Structures are given as C-alpha cells and as structure tokens.
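Please open the structure in your viewer and keep the selection panel at hand. The tour moves step by step, each stop saying what to select and what can be found there.

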Number of protein chains: 2
Amino acid sequence: MSEQGTITAFAPASIGNLGVGFDMLGLALSGVGDRVSARRVEQTGVTIAEVRGLDGEIHPFLSNSAVENTASIAAKSLWDHAGVDGGVELTVHKGVPLQSGMGSSAASAVAAVVAVNALLPQSLRRSELLVHALEGEKLASGGLHADNVAPSLLGGLVLCPASLLPRTISLDVPTGISSVLLHPEIQISTAESRRSLARGYSMDQWLEQQGYLAAFVVACEKNDHALIRSTLRDVVIEPQRAAAVPCFTGVKDAAMAAGAYGCSLSGSGPSIFALCADAEAANIVIAMEQRSRAFGYQCQTWVGDMKAPGAFVEDAT
Amino acid sequence: MSEQGTITAFAPASIGNLGVGFDMLGLALSGVGDRVSARRVEQTGVTIAEVRGLDGEIHPFLSNSAVENTASIAAKSLWDHAGVDGGVELTVHKGVPLQSGMGSSAASAVAAVVAVNALLPQSLRRSELLVHALEGEKLASGGLHADNVAPSLLGGLVLCPASLLPRTISLDVPTGISSVLLHPEIQISTAESRRSLARGYSMDQWLEQQGYLAAFVVACEKNDHALIRSTLRDVVIEPQRAAAVPCFTGVKDAAMAAGAYGCSLSGSGPSIFALCADAEAANIVIAMEQRSRAFGYQCQTWVGDMKAPGAFVEDAT
C-alpha cells in the first residue's frame, strides 16, 4: 500500500473523433487537463470533497454527488474492483472547460483512476485502467466511446473502436505535425448532440468515410503528410453538427486557407481543431482566433504536437 | 520504341475486399493469373486476335469484340493516351476462372496494359497504368473499384478507396501469414451481386465495420497477428452474400476450426479465402476442400504468402 497521504494525478484534455474517426480515434492535448487528488479515508466507498473550477473556486455547476461525477464513478469502479478496505476521498480540479468538446468528463475520470490506482496496494497496469475510466465516461456521453478516455489515459493518438475494447491501438504518430485547438465560448451537450445524429447512412457515405479513416491511420503509421492532408476529413458527422457552432465554417475556412492539413470539430464541438505542419501552427492559430472573434465568439487556443503524454501522477504528499 | 515483336505479360488473380475492406482492400494471389500478348500492327486501334481459355482452346464464352473485353478496353485507354501511330493486337490467355470472385476481369485488364506499356516508345510508370486498367474493370464490375486491379498491378496488399484514386496505398504486409483461396464450381456475376446489396446501413453497422478495417490495416503495418485475427471480419456485406454460395458457411466454419485468422468471400464470391499462420495453411486447405466437396462442390485451391508480386512482363519475342 502507498504510504503517501494524498496523490494528485493530471489527465490531459483530448480531441475526440479527430474528425476522420467518429467514436474511435482520439488525440491527447498538451497543457490543458484536469487534476484529481485522492486520499484514503476510513469510510467505505468513494466520496468527493469538492470540485473546483478553472478559477480555483468551488465549481458552480458540477455536482459533488459521488454518483453524478465522472471522476467518482470511475474511481468507484476501480476501488470496488480492487476490493480494498475503507474508502477514498477525491478533490477534483477542473482545468478543461465543460461541454467544450475537449473530453472534459474523460479527463476527470482518467485523472481519478490514475490517482486512485497509485493508492492501491497492487496497482493495475495502465491499460487495465481503461475499463474503469470508461465507467465514468459512460455517464457523460451516453455510450461506450473511448475516443477521449483512451488518449487521455495513454497519450498520443489512439485508435479505439468499440468492438475491440478494452483493446486499444496506439498509433505511431507522425513527426512535424502540430495540433491546434480553438475553444469558442459556446457549450454543447455531447449526449444531446449524439441523439440528434441520423441513424441511417448510405453505402456511399459509409464507404467514403471508411476509406478516409483507413488511409489516415496508415498515413500516420507511415509518416506520410500528403496522405494525411488528403484523408483528414469527415463527410458524415461534421455536416450534421456544423450548424450548432455558428463560427465553425468560418474558422475552418481560415485554418485551411492558412495551410492546415485538415480542420473539424473536436468531439461534438464547439471546439475546433486543426492539424498542420509545425511551421504553420503559429499562423493558423492566429487565423482561427481572428475568425472566431469576427463571429463574436471569444476563444481560447492551445497548440501541441501529436505526442502529448497521457495522464500521470504529479504529486504525492 | 520497343524493337520486340510480341510482348507477353502476366497479371495475378486477386482477393477483392479481403473481407474486411469492401471495395477498398485487395490482395494479390500467387500462381494463378491471366496472360496477355500484345504486338504492334498497322491498323489503328486495339483488336483482339483471340481469347484462349484454361485448356488452351478458344474461349467458349468470352468475346473477342474489342469493346466487350476488359483487356482491350484497358489497352485502348492506354494506347489512346500514348497517342502512338498504328495499333495493337492482343491475344488473351485466361488463367483465372470467370465469375469466380478472383478478379478475372481485372487480371486481363492489368496484363493488357502492362504488355502494351512495354510496347510504347515512352513507357509509363507502374502507378500511372492504374487508371487505364480501371477503364477495363469498369465494364465488369459496373463501378470504379480498384480492389482487384490495384493488387494485380502492384502486388501485395493494397488499400485503394475510390475517393483517393488514382492514389493507392501499398501496405506493409505481415510476415508469416499465408493466404488460402478455394474456388468452388459456381459462377456469380459481380455486377448482379452488387446490385442486390442493401443501399442503407445503420450507424452501428457502419462503425463496427469501419473499426475492423482501420484496426486491420494498422495490424498489417505493425505485423500484429493477434490483432489481424480480431479484425479480419465482414459484418455488413458477407451476411448479404453468403446464401449465394451454399457451401460458404460450412467451408468458413472448417477454416476457422482449423485455425484460420479469418475467412470470408473473395470479392463477390463464390471463391472463399482465409488468412492463417503459415504453419496452419496445409491443414486449412484440406479442411476447406473436404467441406466444399461434402457440399457437392468440386473445387480448386491456391496457397500463397501476402507478398505475391504484381503483374510483370514474361516474354518478349
């Protein structure tokens, strides 16, 4: 058993779907994520002491009811699995904006299981934590989708089709490519966005998108930038979701005009991501920000490479 | 200009779809293919002198009308593109059974363009021949599908989504895996088989199949046999086509019981392929043959590795 009193873990935000791989492809971000602190307590089960927001204050919206927070649900799944006496008390520090399309709920769930895992007498391997983090994510997305949890937990670019879970596939990530993420000040509910998607698709739509995805993952493995540029597309889901983010088309046009390889919604939006050659990233961020503001949306942006690390233990005191 | 009188090219049969990649994935076979001989003549355009069958006799079904044969249509596309005076006379030696699901029409088209290319004053590069071979294939399949033409031309395992053509992607093929192909004595028309497929699919169907394909191509790149075994599946098209090949389910069950990684229809059938570890290939062939015959279908089988070469010039006299 850990002798440490409190363990704090950081888990990064992530780009779900990555445009081309709806529900099955995700990329970890750098420099933005949630922190969860965990400490053992005598009382059985998992409780949340408090949830603090970006400003460090008690979070105005998020529940600290242990059955409604993705962090505690994920932590409880792991704690019950481990069968250890007593319980755990969590403190959640949200660093990822809510309903941003940046994998906020996944980051909390992942940070929680990584922190709690470090408290266990026999820690699980990283890949074994996935199913527990997914228990939390289910609450948020209304289904079994690992495209935020897997990159937040494992880092980098992860292919994670539902039919293969709990197996996931970490892709060799291409070098020299930056990810740019813009979060405009709009909130979108993932679960609602999912419910509004069409249920049926033509063979042509399915095959076109499938072709892009299959070629994209190979392009990443082969470090083939030209092929990444040709295949980073979403012709099925993006057209259904674009209208919910009034600045999306404008921001995308600006990114593409500035040389992005591709640009789409992050998760169900409103965040918008682009991949581009490292040398173009600075110009692309500026172009995207300017366009978002021209539409009247203040925004935050982040730039990273494609090798962002997954969750890690930051502090043990 | 070539000084040679007659050029003969061989183009291999191929496994279209490879189960998991409908319309966009194909694998070249070894030891079975078509031969096309080409020689320059004074008369403008492309003509067919004769079409000979597997027995060396004049083919009883195939037309030697130059507008109805995939070899001559493909050759004409290339010849017209090259803009050379005079014409070409072809002799087609069919080695691939017709309507077998083994890419018979593609093999003729590919052998024709490779032979004619060798007659040109300025030969095109291999990748530039694809579009001309596809002109022939269009006649047979009723659409623009490169999953037979591309592996027959380029060899090995090729990812070739329609939306990226004429670009194709040759995958790194895993080592130690054999392909087994069984051709039962049934004929199926590709064009008819295609017309009978459902036009609409649920999101769940699409995503399940897309997940298998994306993970399969990565598994090939990573030489991950366990992942190949988990993903070599067709949950969308195979169920619609299986009933047309009465021995299919039995042969597949026999292959899987004997240790195959996966087993499905080759193209639109009736041929049935399996991928397996090299050491299992001999047993799997026997199991598949026995089951086919138990259903009353005589059959031929071929075994190869996944690195079968593409078309090549065999003879120049």
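This is a predicted model: local features need pLDDT of at least 70, side-chain atom pairs count only at pLDDT 80 or more; totals for chains, interfaces and linings use all residues.

Salt bridges between domain 1 of chain A and domain 2 of chain A, by contrast, number zero.

Next, stay on the side of domain 1 of chain A that touches domain 2 of chain A, and select strand 1 (6-16), strand 2 (25-41), helix 3 (130-141) and strand 5 (157-159) of chain A, each of which supplies at least two residues to that side. Of the elements there, strand 2 of chain A gives the most, with six residues.

Now step back and select the domains whole, taking residues 6-170 of chain A for domain 1 and residues 177-305 of chain A for domain 2. Taken over C-alpha atoms, the centres of these two domains of chain A are 24 Å apart, and 28 residues of domain 1 of chain A are in contact with 35 residues of domain 2 of chain A.

For the last stop, show the surface between the domains of chain A, where about 2300 Å² is buried, 63% of it on carbon and sulfur atoms. Then select Val20(A), Phe22(A) and Gln99(A), which supply 26% of the area that domain 1 of chain A buries against domain 2 of chain A, more than any other three residues.

Key:
Residues are numbered from 1 along each chain as its sequence is written. Chains are lettered from A and ligands numbered from 1 in the order in which they are written. Side-chain values use heavy atoms; hydrogens and water are left out. Domain bounds come from an automatic or database domain assignment. Contact means heavy atoms within 4.5 Å. Buried area is the accessible area (1.4 Å probe) that two parts lose on being put together, summed over both. A salt bridge is a side-chain nitrogen of Lys or Arg within 4 Å of a carboxyl oxygen of Asp or Glu. Helices (H or I, at least four residues) and strands (E, at least two) are DSSP runs, numbered from the N terminus.
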